[in-house]
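Student: I am new to this one. Could you show it to me, then let me ask about it piece by piece?

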Amino acid sequence: MFLFQIPTLAYDELQRKTDWRFAMASRVGTRDAAQFLGVGDETVSLSGSVYAEISDGRVSLDTLREMGNAGEALPLVGGDGTVFGNFIIRSLDERHAVLMADGRALRIDFGIDLWRVDDPATAQASA
């Protein structure tokens with residue numbers, strides 16, 4: 001579990017994208033026909049900045065990197081209780097800025113891309 005909050009990493013922006021899949025068939029003299037195939041990919045992107053005066057964002061980013069290395073799907077739940085589903089960490093981007101003499105950053109901007117996967121328990125029950 002990882003809690004996005006001020007002592008760890010508080011994100012400034014959440015972007016959610018959902019795709020649906022369609023098979024297309026060409027037709028003469030009219031638009032292509034579309035057949036709905038089902039739900040496609042769903043991604044969530046989180047971005048924000050962490051400041052050295054508030055917390056050590058490097059520790060939290062390293063924790064997220066370890067979680068990504070494990071490849072395990074975890075539930076994503078918003079601060080208001082919204083359950084988005086199970087997600088894996090697809091990518092983690094960090095940018096260190098305002099460097100001090102010892103090389104530590106006063107600000108780290110980060111971006112995390114999450115990819116929704118099916119809940120293994122639900123997938124087994126429907127099989």
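Student: Which residues make the nonpolar surface patch of about 580 Å²?

Tutor: First, a caution: this is a predicted model, where local features need pLDDT of at least 70, side-chain atom pairs count only at pLDDT 80 or more, and totals for chains, interfaces and linings use all residues. Residues are numbered from 1 along each chain as its sequence is written, and side-chain values use heavy atoms, leaving out hydrogens and water. A patch takes residues with over 30% relative accessible area and no salt bridge, joining like charges within 9 Å and nonpolar side chains (Val, Leu, Ile, Met, Phe, Trp, Tyr) within 5 Å. The members of this nonpolar patch are Trp20, Phe22, Met24, Phe36 and Val39.

Student: Which strand gives the largest share of the nonpolar patch?

Tutor: Strands here are DSSP runs (E, at least two residues), helices are runs of H or I with at least four, and both are numbered from the N terminus. Strand 1 (11–25) and strand 2 (33–51) each supply at least two patch residues. The largest share, three residues, comes from strand 1.

Student: Is Phe22 buried or partly exposed?

Tutor: Phe22 sits in strand 1. Buried means under 20% relative accessible area, exposed means over 50%, and partly exposed lies in between (1.4 Å probe, protein chains only). Phe22 has 45% relative accessibility, so it counts as partly exposed.

Student: What is the order of the elements from the N terminus on?

Tutor: The protein has two helices and five strands. From the N terminus on, they run β-β-α-β-β-β-α.

Student: Which residue of strand 4 is the bridge partner of Leu76?

Tutor: Two strands pair if DSSP finds at least two bridges between them. Strand 3 (residues 74–77) and strand 4 (residues 83–99) pair in the antiparallel sense, over four bridges. In strand 4, the partner of Leu76 is Gly85.

Student: Which residue in the hairpin of strand 3 and strand 4 takes a positive phi?

Tutor: Five residues lie between these two strands. One of the hairpin's residues has a positive phi near 95°: Gly81.

Student: Which residues does Phe87 touch?

Tutor: Contact means heavy atoms within 4.5 Å. Residues up to four places away in sequence are not counted. That leaves Glu42, Val44, Glu72, Ala73, Leu74, Leu76, Leu114, Trp115 and Arg116.

Student: How far apart in sequence are the parts tied together by Arg116 and Glu42?

Tutor: A salt bridge needs a side-chain nitrogen of Lys or Arg within 4 Å of a carboxyl oxygen of Asp or Glu. Arg116 and Glu42 qualify, with their closest N and O atoms 3.1 Å apart. Arg116 lies in strand 5 and Glu42 in strand 2, so the pair ties together parts separated in sequence by 74 residues.

Student: How many salt bridges does a search of the whole structure find?

Tutor: One of them joins Arg95 and Asp93 (2.1 Å, N to O). Arg107 and Asp109 also meet in a salt bridge, at 3.1 Å. Salt bridges that share partners join Arg16, Glu42 and Arg116 into one network. The search of the whole structure finds seven.

Student: Is Asn86 buried or exposed?

Tutor: Asn86 lies in strand 4. Among the residues it touches are Ala73, Trp115 and Asp119. Its relative accessible area is 16%, so Asn86 is buried.

Student: What percentage of the 127 residues is buried?

Tutor: The protein exposes about 8700 Å², with 52% supplied by carbon and sulfur atoms. These areas come from the Shrake-Rupley method with a 1.4 Å probe; for residues, only the protein chains shown count as cover. Of the 127 residues, the buried ones make up 24%.
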